[in-house]
Amino acid sequence: MDDRDGTLWFLDFDGVLCDSLPECYAVSRTAYWTLLLGTSEPPASRAEEAEFARMRPLIRRGADYLLLQLAIREGIRLDSQAAFDALAAREAERDGIFHELFYRARRDLLGRDPERWFALNPLYPGIAEILLRNRRNRDVLILSTKEAPFILEILRHHGVEWEPDRVLCSGKEPKLEFIDRVLAGRGAGRAVFVDDQVDHFLDAPGRPVRCVLADWGYVRPEWIESGIYETVSRERLPDLLPA
């Protein structure tokens with residue numbers, strides 16, 4: 001099948017285009033300790049940062065980062081998606097406040113210290129060039145749970161001018177359902193969807209969506225080693241895209 005005929009390409013942002021882990025660690029730490037608990041942030045440690053990074057592949061949206069901070073504080077070791085989901089279910093009533101506080105801390109850091117904020121949000125090597133080659137191709141879209149204005153700020157900082165209506169935020173809606181709606185609205189027949197969280201691929205069977213796992217993102221080794229998922233390296237990403 002030729003994916004270049006009647007196809008839309010959807011690229012995740014965090015973990016595919018942008019290495020946002022440093023920013024999400026800093027912002028969620030402030031949101032959890034200062035805004036939620038009303039106390040000063042304790043000194044960070046390399047062990048804590050490593051544990052946050054280890055659990056990062058399990059999250060789906062910004063509010064989830066506070067769950068990682070909570071797990072670290074309570075000494076809860078999250079070793080699987082099921083363990084993470086159990087903690088998320090336990091804290092479900094606070095999901096809205098977690099989301100609000102995370103974005104409040106993000107906006108505050110961007111407004112107070114933009115230089116640091118941008119430094120904490122680097123694009124992966126070669127990504128700016130890939131996006132620039134596709135900057136006028138309206139079939140190439142960015143799909144993220146991150147709110148679009150932050151993505152556009154990061155892209156501009158890195159010299160990538162991207163049309164705002166091609167940065168899509170799925171919010172709480174499952175990404176594949178969101179893709180369904182975009183395909184219907186655009187009259188497109190197929191999609192290629194590149195993400196680094198396989199949970200977003202679960203409902204792909206029966207859909208005209210080719211799901212591809214970015215092997216450089218925040219992925220768990222077993223996702224790649226299982227052989228279940230089609231994977232792409234950063235070096236081969238241009239071959240997957242139409243330009």
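How many aromatic pairs does the count come to? In this predicted model, the count comes to 10 aromatic pairs.

**Aromatic rings**

A pair of aromatic rings is described by the distance of the centres and the angle of the planes. The table gives these values for two of the pairs.

| Pair | Distance of centres | Angle of planes | Arrangement |
|---|---|---|---|
| Tyr-32 and Trp-33 | 5.6 Å | 90° | edge-to-face |
| Trp-117 and Phe-118 | 5.2 Å | 75° | edge-to-face |

Planes over 60 degrees apart count as edge-to-face, so the angle of 90° places Tyr-32 and Trp-33 in that class. The angle of 75° does so for Trp-117 and Phe-118. Tyr-32 and Trp-33 are buried, and Trp-117 and Phe-118 are buried as well.

Trp-117 and Phe-118 also belong to a cluster linked by ring pairs, together with Tyr-25, Phe-52, Tyr-65, Phe-102, Tyr-103 and Phe-150. Arg-106 lies over the face of Tyr-103, 5.3 Å from the ring centre. The charged end of Arg-106 also sits over the ring of Phe-150, at 5.5 Å from its centre.

**Helix 3 and helix 4**

Helix 3 contributes Asp-64, Leu-67, Leu-68, Leu-70, Ala-71 and Glu-74 to the contact, while helix 4 contributes Phe-84, Leu-87, Ala-88 and Arg-90. Of these residues, 7 are nonpolar and 3 are charged, with no polar residue among them.

Definitions and conventions:
Residues are numbered from 1 along each chain as its sequence is written. This is a predicted model: local features need pLDDT of at least 70, side-chain atom pairs count only at pLDDT 80 or more; totals for chains, interfaces and linings use all residues. Side-chain values use heavy atoms; hydrogens and water are left out. Contact means heavy atoms within 4.5 Å. Helices (H or I, at least four residues) and strands (E, at least two) are DSSP runs, numbered from the N terminus. Ala, Val, Leu, Ile, Met, Phe, Trp, Tyr, Cys and Pro count as nonpolar, Asp, Glu, Lys and Arg as charged, and the others, Gly among them, as polar. Rings of Phe, Tyr and Trp (its six-membered ring) pair if their centres lie within 6.5 Å; planes under 30 degrees apart count as stacked, over 60 as edge-to-face and the rest as tilted. Buried means under 20% relative accessible area, exposed over 50%, partly exposed in between (1.4 Å probe, protein chains only). A charge sits over a ring if NZ of Lys or CZ of Arg is within 6 Å of the ring centre and within 35 degrees of the ring normal.
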